[in-house]
Amino acid sequence: MTDQATTPQTGSATHTATHTATATATATATVVAADTTTGGAGAVPDRPGPRYEDARSVIPGAGPAPRPGERATLRLRETDTGTDTGTGADEPARYAPEWLQLREPADACARAHDLLDPLRIRLANLPRRADGFIIHDIGCGTGSMGRWLAPRLDGAQHWVLHDRDPYLLHFAAVASPRSAADGSRVSVETRRGDVARLTADALAGASLVTASALLDVLTREDVDALAAACAGAGCPALLTLSVAGRVELTSPHPLDQEITEAFNAHQKRGGLLGPDAATEAAEAFSEHGATVRIDSSPWRLGPEQAGLTAQWLRGWVGAAVEERPELAEPAGRYLAERLEACAAGELRVVVHHNDLLALCRPAGGAA
């Protein structure tokens, strides 16, 4: 059971464009006090549309987008009516909640814990507010970042969750933690919108901006805008799980490198940063005077994560083949071998990511 109050939207950003037939064009902000276990992931509630119970299928988000020539990332732009330019409201989901839930435990284990201490120090030096820290989670999906981070920070927190899919926003709200590390209250507000519209004004009063798996689906222009917004608001940014373009599988196979290179090229279609994301973002934030630190945050997948590994393999190889169709036949045999090893509990995979902490100068020039 949740207590909800609805208020008009005042600012917006996103990295998710998973529209369904039930999506509405109305932007709302919902203040939620969630009756959930602190830090618990909850269960994905039912939503209309296709299910992904066939082990041979690729869940949207794990592999190439359903429309020919498009990669399985998030559409970043939307019209003023809240729908994608040139698409209908019944557009297939790009990042299915099943994929986000499947990857959440691996994400939680991977995130760079060493970045938390400098972040805590910065937050502790901020002026105390009656409503606690204001944290904007950009492209929140099902809210996994909040479930991971909120219980690791002391003090009252108000999370502003940004996404374009109202279903995901609903799930993120009801499955959010309600307590900080010291037992202080955590509250949640949801907003729909577009990352391209994020400005310093939209972040006014923010204590922190967070995002997960966002930077690699942005262009350099998008990242420059994000860095400028954070610098203008004087708030730090914790941006986690950007693909690094490196993968390690046991045992080595002659096609490993070729598929990796094709996948990386696929990630950079349309000017997206892909595996260059962390480096480009570090440069962008540094240009705005921020102190930047990058730490590795690899997925380490073994027999216990076989379901995630199988989905990741299908998506990884599928994107490589979409980029280089001539790989289709050898890649098909490669994928079959790797999936067989995965099912037998013999495959281990390290998928490298990077986490970035940018400590922007506080607003007003304070030290």
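Q: How many disulfides does a search of the whole structure find?
A: The model is a predicted one, and a disulfide would need a pair of cysteine sulfur atoms within 2.5 Å. Cysteine 360 is in no disulfide, since the nearest cysteine sulfur, that of cysteine 230, lies 5.4 Å away. Over the whole structure, the number of disulfides found is 0.

Q: Is cysteine 360 buried or exposed?
A: A residue counts as buried when its relative accessible area is under 20%. Cysteine 360 has a relative accessible area of 1%, and therefore this residue is buried.

Q: Is cysteine 109 buried or exposed?
A: The cut-off for exposed is a relative accessible area over 50%. Because cysteine 109 has a relative accessibility of 67%, this residue counts as exposed.

Q: How are helix α6 and helix α8 oriented where they pack, roughly parallel or roughly perpendicular?
A: Helix α6 (residues 256–267) packs with helix α8 (residues 306–323) at an angle of about 75°, and their axes are 8 Å apart. Angles of 65 to 115 degrees count as roughly perpendicular. The orientation of α6 to α8 is therefore roughly perpendicular.

Q: How many of the residues in the contact of α6 with α8 are nonpolar?
A: On the α6 side the contact includes Ile259, Ala262 and Phe263, and on the α8 side it includes Trp316, Val317 and Ala319. The contact divides into 3 charged, 2 polar and, as the number asked for, 8 nonpolar.

Q: Which element gives the largest share of the largest nonpolar core?
A: This core has 33 residues, of which Leu249, Trp299, Trp312, Leu313 and Trp316 touch the most other members. The elements giving two or more residues to this core include α1 (97–110), β7 (237–249), α6, α8 and β10 (349–359). With 8 residues, the largest share comes from α8.

Q: Where is serine 251, whose peptide bond from threonine 250 is cis?
A: The bond from threonine 250 to serine 251 has omega near -15°, and is cis. Serine 251 has its place in the loop between β7 and α6.

Q: In which strand is leucine 241?
A: Leucine 241 has a positive phi of about 60° although it is not a glycine. At 1% relative accessibility, leucine 241 counts as buried. The strand in which leucine 241 has its place is β7.

Definitions and conventions. Residues are numbered from 1 along each chain as its sequence is written. This is a predicted model: local features need pLDDT of at least 70, side-chain atom pairs count only at pLDDT 80 or more; totals for chains, interfaces and linings use all residues. Side-chain values use heavy atoms; hydrogens and water are left out. Axes are lines fitted to C-alpha atoms, for helices over the stretch in contact, and angles run from 0 to 180 degrees between N-to-C directions. Helices (H or I, at least four residues) and strands (E, at least two) are DSSP runs, numbered from the N terminus. Angles under 35 degrees count as roughly parallel, over 145 as roughly antiparallel, 65 to 115 as roughly perpendicular and the rest as oblique. Contact means heavy atoms within 4.5 Å. Ala, Val, Leu, Ile, Met, Phe, Trp, Tyr, Cys and Pro count as nonpolar, Asp, Glu, Lys and Arg as charged, and the others, Gly among them, as polar. Buried means under 20% relative accessible area, exposed over 50%, partly exposed in between (1.4 Å probe, protein chains only). A nonpolar core is a set of buried Ala, Val, Leu, Ile, Met, Phe, Trp, Tyr and Cys residues joined through side-chain atoms within 4.5 Å.
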